[in-house]
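Open the model in your viewer and keep the sequence panel beside it. The tour goes from one selection to the next and says what is found at each stop.

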Amino acid sequence: CTPRRLAIIVNDLDTKQQDQIIECKGPKAQAAFDDEGKPTQAAIGFARSCGIDAEKLELDNDPDNPRLFYREKRIGKNTNELLANMIETAVKKLSVPKRMRWNLSNAEFIRPIRWLLVILGSETVDANIFSIQSNNVSYGHRFHHVQEITIEHASKYKKLLKSKGHVLADAAERQNTILEQVKKLASDANGKAFYTQELLDEITGLVEWPCALLGEFDSKFLEVHKELLISTMQDNQKYIPLLDEKNELLSKFII
């Protein structure tokens, strides 16, 4: 995940469902038929839930308490036939406190959807979600690489975004990169970085291609209580303050 993309990569995915034997038990025989042997509403409702006519229902072989039952062999579908509905169902279940609309389709999500990449191996999967048609194309960094990036195989997704698009799609890799840059800049400034995991997670979620920079403010502001300065830098500016060996605030920060 990055500010511009949400991606799921599944390894070793079956390309076809297994065949299944579906068995459903319904109402007891005495409640399933009237005195004339015709199906009751209970039998009709059970048949409807199975997608068949009541006349096609059978009784099981329980001699003491026979019941209606339905048995069907379902041939497994190919994965590429199922993915579109699975993705749409999953995405719409995401907890989004405030949704927004962005076109005439009345689709709602946390942000406008601009493109949809769905590939199974090297095959582009046909899907239309939020009125966006799927393809095998992604896009890189908003400034470094605005051009299309064709993803020829699912396994190349992260590598191509990194090498061509200037995007570290993996949040863990991006956070580690940020930490490495922050520690180096802090060392160069003879200080140590002061941050919470919450702040680090937020910064990781704000960038796609981290580039840490060292900033400085007028040292006269150090007359203000350091807790106020730290709060402003962390909460409002998303800066990482620097402390000296005595844990006193320096007039430097990392952004």
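Select Gly51, which follows helix H2 and has a positive phi, near 80°. Helices here are DSSP runs of H or I with at least four residues, strands are runs of E with at least two, and both are numbered from the N terminus. The model is a predicted one, in which local features need pLDDT of at least 70 and side-chain atom pairs count only at pLDDT 80 or more, while totals for chains, interfaces and linings use all residues. Residues are numbered from 1 along each chain as its sequence is written, and side-chain values use heavy atoms, leaving out hydrogens and water.

**Helix H2**

Now select residues 41-50, which make up H2. Which of its residues are buried? They are Ala43, Phe46, Ala47 and Cys50. Buried means under 20% relative accessible area, exposed means over 50%, and partly exposed lies in between (1.4 Å probe, protein chains only). Look down the axis of H2: the buried residues fall within an arc of 100°, so they line one face of the helix. The arc is taken from the directions that run from the helix axis to the C-beta atoms. On the face turned away from the buried side, colour the exposed residues Gln41, Arg48 and Ser49.

Next, show what the buried residues of H2 pack against: strand S1 (20-28), helix H1 (29-32) and strand S3 (67-74). Contact means heavy atoms within 4.5 Å.

**The sheet**

Select the strands. Three of them form an open, antiparallel sheet in the order S1-S3-S2. S1 and strand S2 (58-59) are the edge strands, each pairing on one side only. Two strands pair if DSSP finds at least two bridges between them. S1 and S3 are joined by 7 bridges, and S2 and S3 by 2 bridges. Click on Phe69 in S3: this residue is the bridge partner of Lys25 and also of Glu58. Strands of a sheet pair through backbone hydrogen bonds, either parallel or antiparallel.

Bring H2 back into view; the helix lies across S1 and S3, running at about 165° to S1. Such angles run from 0 to 180 degrees between N-to-C directions, with axes fitted to C-alpha atoms, for helices over the stretch in contact.

**The cores**

Select Trp102, Phe109, Ile113, Leu116 and Phe130, which touch the most other members of the largest nonpolar core, a set of 16 residues. Helix H3 (residues 79-92) gives the most to this core, with 3 residues. A nonpolar core is a set of buried Ala, Val, Leu, Ile, Met, Phe, Trp, Tyr and Cys residues joined through side-chain atoms within 4.5 Å. A second, separate core has 14 residues, including Val182, Ala189, Leu200 and Ile240.

**Thr79 and the cysteines**

Within H3, pick Thr79. At 8% relative accessibility, Thr79 is buried. Beyond residues up to four places away in sequence, Thr79 touches Leu13, Asp14, Thr15, Lys16 and Leu120.

Last, select Cys1 and Cys50. Cys1 is partly exposed, because its relative accessibility is 47%, whereas Cys50 is buried at 13%. How many disulfides does a search of the whole structure find? The number is 0, where a disulfide is a pair of cysteine sulfur atoms within 2.5 Å.
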